Amino acid sequence: MFSPPVAGNATQLLLSAHAVEIVVHTLFGERGIALDPAADLQRVRLQSVKTRMDADLAYPWSIDELARNAGLSRRSFNQKFQMAYGESAIDYLRARRLDAARDLLIHQRLSVTEAAFRVGYAHPANFATAFRRRFGHSPSRSQSI
């Protein structure tokens, strides 16, 4: 907690997650409710990783980096994220990126290429393919909504 493994905005998010963890333990402890510290810490770490992904969709997240930030092995991270959120971390990230891009296309009227880059797609063609799979139409069609 005194030397976070991240920098910038991610540091603030990580410290906030730790603060919430401390408050939850204090409140539950006062009420005599026993918590499983290992499971609770794991939940907090997974939520922290998820929050960090949400905060910086354009960052090129890798499973190895996400697992390391959660303090888990790659395999364990994949399993625990799936159990906690009902989808893999990569599927979650892809869905959030595409949702954010759709909002950029509709509300900010960005070009398809600019929206793709802003949410972390290096290749607009890959973005268009993923967008079509998720929403059933091309990204350019969202601009006319």
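Which residue just after α5 takes a positive phi? Just after α5, arginine 109 adopts a positive phi of about 55°, although arginine 109 is not a glycine. Arginine 109 is placed in the loop between α5 and α6 (112-118); helices are DSSP runs of H or I with at least four residues, numbered from the N terminus.

The structure is a predicted model, in which local features need pLDDT of at least 70, side-chain atom pairs count only at pLDDT 80 or more, and totals for chains, interfaces and linings use all residues. Residues are numbered from 1 along each chain as its sequence is written, and side-chain values use heavy atoms, with hydrogens and water left out. The mean pLDDT (the predictor's confidence in each residue, from 0 to 100) of the protein chain is 86, and 85% of its residues reach 70 or more. Among the elements of the chain, the lowest mean pLDDT belongs to helix α1 (residues 9-30), at 74, and the highest to α5, at 96.

The 19 residues of α5 should span 27 Å at 1.5 Å a residue, which agrees with the 27 Å between its end C-alpha atoms; the expected span is 1.5 Å times one less than the number of residues.

Aromatic rings of Phe, Tyr and Trp (its six-membered ring) pair if their centres lie within 6.5 Å, with planes under 30 degrees apart counted as stacked, over 60 as edge-to-face and the rest as tilted. By this rule, seven aromatic pairs are found. The rings of tyrosine 121 and phenylalanine 127 have centres 5.4 Å apart and planes at 65°, so this pair is edge-to-face. Phenylalanine 127 also forms a tilted pair with phenylalanine 131, at 5.6 Å centre to centre and 55° between the planes. Phenylalanine 127 and phenylalanine 131 are separated by about one helical turn because they stand four residues apart in helix α7.

Conventions. Helix = DSSP H or I, 4+ residues; strand = E, 2+ residues; numbered from the N terminus.
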